[in-house]
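The structure comes first, then the notes.

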Amino acid sequence: MPELDPALVARWRADGGELVDLLTRTRELLGGVAAFRLGPDPTVLVTDPRAVQQVLALHPDRYVKRSHRARLLVGDGVLSATGDAWRGQRRVLQGQFTGKGMRRYEDRIEAAARTAAGRWAAYARTGEEFDLGDEMRRFALDTIWRSLTGHPLDPDTERELGAVSTVMGALPTLPARAPGAAVAAELARIDAVARHAIAAARRGEAGPDGPGLLHVLLDAAGQHAEYTDDLLRDELVTLLVAGHETTATTLTWLYLLLDGHPEAREEALAAGGEGTPERRQALGALVQEALRLYPAAWILPRHAVEDGLLAGHAVPAGTDVLVCPYLTHRDPELWPDPERFDPARFTTPGRRPSEPGSHLPFGIGPRACLGLRFALREATALLEHLLPAHRPRFRTTPAGTVFGITVRPDGATPVSLA
């Protein structure tokens with residue numbers, strides 16, 4: 001297998017470069033399956049779509065997920081669970097995110113979108129400036145909270161769950177078992193909200209929208225001894241984190257992209273009238289193209305537990321493997337002019353590559369994100385309300401990108417509404 005020159009790795013370290021810089025250089029010089037060394041053993045980078053499919057979809061028992069970088073926050077929830085525990089937890093939840101299951105949450109998604117639209121209408125009337133990223137998090141948190149509990153997001157819960165973003169931002173630099181007093185205090189706030197919600201659901205306090213995903217978990221606890229109070233807490237926090245951070249970040253990126261490409265907004269609105277399948281498809285394409293450029297999961301670590309071949313190269317047991325959707329999505333051989341924001345890639349036949357591993361913002365294979373359909377519907381529902389009515393004007397835009405647990409804009413996003 002081709003391996004990056006150790007001198008280049010040493011130079012990257014001396015320059016204090018980010019991991020994405022090293023991965024980009026490895027892919028540029030050596031192609032879609034290549035190795036580099038940060039220690040005595042090589043790490044294999046995988047961006048070629050056929051090799052991506054081998055790792056994530058065809059041989060998931062050979063290339064396994066050992067844990068998750070957010071484990072300090074989500075504990076043993078389905079995002080970080082492995083082996084038989086993960087399989088059991090996924091079985092409990094997966095029916096909630098199928099086509100039939102999704103219909104239970106359509107009204108809640110729509111209600112959260114209408115609430116956000118009401119806030120934006122008030123901002124437009126008063127001329128008040130607000131942070132677009134904060135608004136996207138508020139909407140996405142309201143959506144998942146309604147879906148979990150049946151209750152709209154209240155101010156106290158919103159304030160306490162603001163700790164999620166603080167912890168997510170700190171995680172990449174924290175030691176796994178010693179988060180420090182400040183982060184521990186934020187984790188305690190999140191824990192208190194989760195345990196209060198679980199206790200309320202146990203008392204039968206369903207919200208005005210009726211039982212939600214939390215009640216599905218409580219039903220599982222009645223049938224499976226492994227669903228202790230701690231696991232219920234971990235699963236609830238996992239759904240909270242996965243259900244709002246990635247969606248909020250994607251919508252923030254999308255509005256930043258539309259600010260530089262106003263024609264894309266006009267083309268989406270011109271695709272069809274309000275509520276038509278044509279417009280919904282065009283809005284979905286905006287979201288998919290934002291996810292191509294800034295995938296919800298920008299890097300997917302795996303670990304080889306047995307010897308195997310990957311794209312003709314030997315990968316010994318014990319090798320760490322990094323699948324990088326961010327780089328696959330920016331491969332010019334797959335996506336011509338890859339840095340350009342072009343939603344037509346997802347509406348024009350033949351414009352996007354056909355290999356399953358070429359577009360994977362939520363992963364592929366058995367460990368693909370359960371909430372993919374939920375997130376796409378949520379984002380589209382909000383755009384149906386906001387895009388025709390408002391065009392945000394950014395006072396400033398972030399100068400860079402942060403590659404942490406997610407890939408997010410580096411800085412505030414203050415806007416006013418036209």
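The notes below take two helix pairs and then the cavities.

The model is predicted. Helix α13 (residues 229–260) packs against helix α15 (residues 277–293), and α13 also gives the largest share of the lining of the largest cavity.

**Helix pair α13 and α15**
- The axes of α13 and α15 come within 9 Å and cross at roughly 100°, so the two helices are roughly perpendicular to each other.
- Thr 250, Leu 254, Leu 257 and Leu 258 of α13 meet Leu 286, Val 287, Ala 290, Leu 291 and Leu 293 of α15.
- By class, this contact has 8 nonpolar residues, 1 polar and no charged.

**Helix pair α8 and α17**
- Helix α8 (residues 132–149) and helix α17 (residues 372–386) have axes 11 Å apart, at an angle of about 125°, and are therefore oblique to each other.
- Their crossing is right-handed.
- On the α8 side the contact includes Met 136, Phe 139 and Ile 144, and on the α17 side Phe 374, Glu 378 and Leu 382 are among the residues.
- The contact of α8 with α17 divides into 7 nonpolar, 2 polar and 1 charged.

**Cavities**
- There are 2 cavities of 30 Å³ or more.
- The largest cavity has a volume of about 50 Å³, and its lining includes Thr 250, Val 287, Phe 362 and Leu 376.
- Two or more residues of that lining come from each of α13, α15 and α17, with 4 from α13.
- The second largest cavity has a volume of about 40 Å³; among its lining residues are Thr 246, Trp 253, Tyr 294 and Val 407.
- Here too α13 gives the largest share, 4 residues.
- The lining of the largest cavity has no charged residues, and that of the second largest cavity has no charged residues.

Note on methods:
Residues numbered from 1 in each chain as written. Predicted model: local features only at pLDDT ≥ 70, side-chain atom pairs only at ≥ 80, totals over all residues. Heavy atoms only, no water. Axes fitted to C-alpha atoms, helices over the stretch in contact; angles between N-to-C directions. Parallel < 35°, antiparallel > 145°, perpendicular 65-115°, else oblique. Left-handed = near helix turned anticlockwise from the far one by under 90°. Contact = heavy atoms within 4.5 Å. Nonpolar A, V, L, I, M, F, W, Y, C, P; charged D, E, K, R; others polar. 1 Å grid on protein atoms, 1.4 Å probe; cavity = no way out; pocket = protein on both sides within 12 Å on 5 of 7 lines; lining within 4 Å. Points joined across faces, edges and corners; volume = space filled by probe spheres on them.
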